[in-house]
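Visitor: I would like to learn how to read a structure of this kind, one feature at a time. Could you take me through it?

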Amino acid sequence: MVFSSLNFILIFFPIFFIFYYATPDRYKNYTLLIGSLAFYFVGTINAPYHFVLLIACMIVDYLVGLGIERFRRYKKTLLIAGIVFHLICLCTFKYAGFVIGELGKISDSINLTTDIILPIGISFYTFQGISYLVDVYRVTVQAEKSLLCYCVYISMFEQLIAGPIVTYGLVQYDLEKRNIWIEDALKGFATFIFGLGLKVLLANPLGKLWSQSLAIGFESISTPLAWMSVIAYSFQIYFDFFGYSLMAIGLGKMLGFELPINFNHPYTSLTMTEFWRRWHITLGSWFREYVYIPLGGSKKGAGRTVLNLLIVWLLTGIWHGAGYNFVLWGFMLFLIIFIEKFFIGKFLTEHRTIGHIYMILLIPLSWAVFAVTDFSQLVVLFTRLFPFFGQSAWSVFRYDYLKYLELYYPFLIIGVLFSTKLPYKLLKRVKSKIVITVFLAAIFLASLYCMYQGLDDPFLYFRF
């Protein structure tokens, strides 16, 4: 069950919130936990052991956290054990199938099954569990004494599947007691609707252009259509994940929680370094706090800084998926950020026009590496993007791009516009509640209609 589905919006959403708001404050955590577990159970109905895994992870974290706080003499051993438990679970479900498949290609004697289904949300709740154990170890937070509160922290349905990655310290007080005001609930619902619109009305249509290019085959499309396709994918993944994050933040506000922002107009960045401070902010913060800084950060000389950056970006790539393209993507980001840090970053920041042109070219190219898992097809795509490598710029259908430009140019223009700060500044200036209500109602109804027509594609980050 996804947020951008009729089942969620017309069934789960109203039923859950009626019960949640009717529940006395001191029992709200019970309602939230039951609702969240029901939400996750529906998503794992075809693989119930995924549901059991989530329960097991929550119980292990809770017990290990108490152990770290109580048995200080063994706290490091307990921390390592807790982290290893999480990593074993993550690697088994996320990477074992890929590794076994690759070994099978090397040797015919290896004939093991690779039909391992990735549990939804495991990448996110694994990182939250690890951050909790590390924070208890560091005495940044106290171990949660209530199993109920800890399970609510991990399983809250609004952020369980695809974030934002919420550290325990951000919500520990709200878990105990939270005030839910009508005004905040309405603002949360408005944020949810806006995120829904970005997903259904913008990300999904743009995704169709990328899907159609895949179906045609990169070798059969022209250079203009190849560029249109990677740009469309760049906007799709942004508005898909940005939309989800806004929906999660809006739901969190309706529940009485302040979830952290996950995006800050990343496509207006001047460097890739700045881009990754603005994109998936909670993931970047997690790697900085729990990997980069513990490794020494930038305080142990240039050589160690480069090594630490390499480790972080390779892990960032691998975290997103099991595939050589993710390793290549992570290494590519490392190289770009390394060059920016030691050579061109300051120049790009000072010369904004050049910085924007640099990022306009670099963003879609980086997402192309991210999106295409087959290296041979990735090579073909780049020969279409850069035909001076020996390929013609034109396909068999010389003007194929005109057909797709006519279909998708409104979405591409809106994508460009909404990737800037301008429309959000304009919306903030609107003081009329009637205008805002009509605007949101139009988005909501249009989204419902598109979902009714079957345009409710899953969120891209559910795969990672």
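Visitor: How many helices and strands does the secondary structure of the chain come to?

Guide: Helices (H or I, at least four residues) and strands (E, at least two) are DSSP runs, numbered from the N terminus, and in this chain they come to 20 helices and zero strands. This is a predicted model, in which local features need pLDDT of at least 70 and side-chain atom pairs count only at pLDDT 80 or more, while totals for chains, interfaces and linings use all residues. Residues are numbered from 1 along each chain as its sequence is written, and side-chain values use heavy atoms, with hydrogens and water left out.

Visitor: What share of the 464 residues is buried?

Guide: Buried means under 20% relative accessible area, exposed over 50% and partly exposed in between, with a 1.4 Å probe and protein chains only; here, buried residues make up 52% of the 464 residues.

Visitor: Which share of the contacts with a separation of 6 or more joins residues 24 or more positions apart?

Guide: A contact means heavy atoms within 4.5 Å, and residues 24 or more positions apart account for 76% of those contacts in the chain.

Visitor: How many disulfides are there?

Guide: A disulfide is a pair of cysteine sulfur atoms within 2.5 Å, and by this rule the count comes to zero. Cysteine 89 is in no disulfide, since the nearest cysteine sulfur, that of cysteine 57, is 4.6 Å away.

Visitor: Is cysteine 89 buried or exposed?

Guide: Cysteine 89 is buried, because its relative accessible area is 11%, and cysteine 450, at 17% relative accessibility, also counts as buried.
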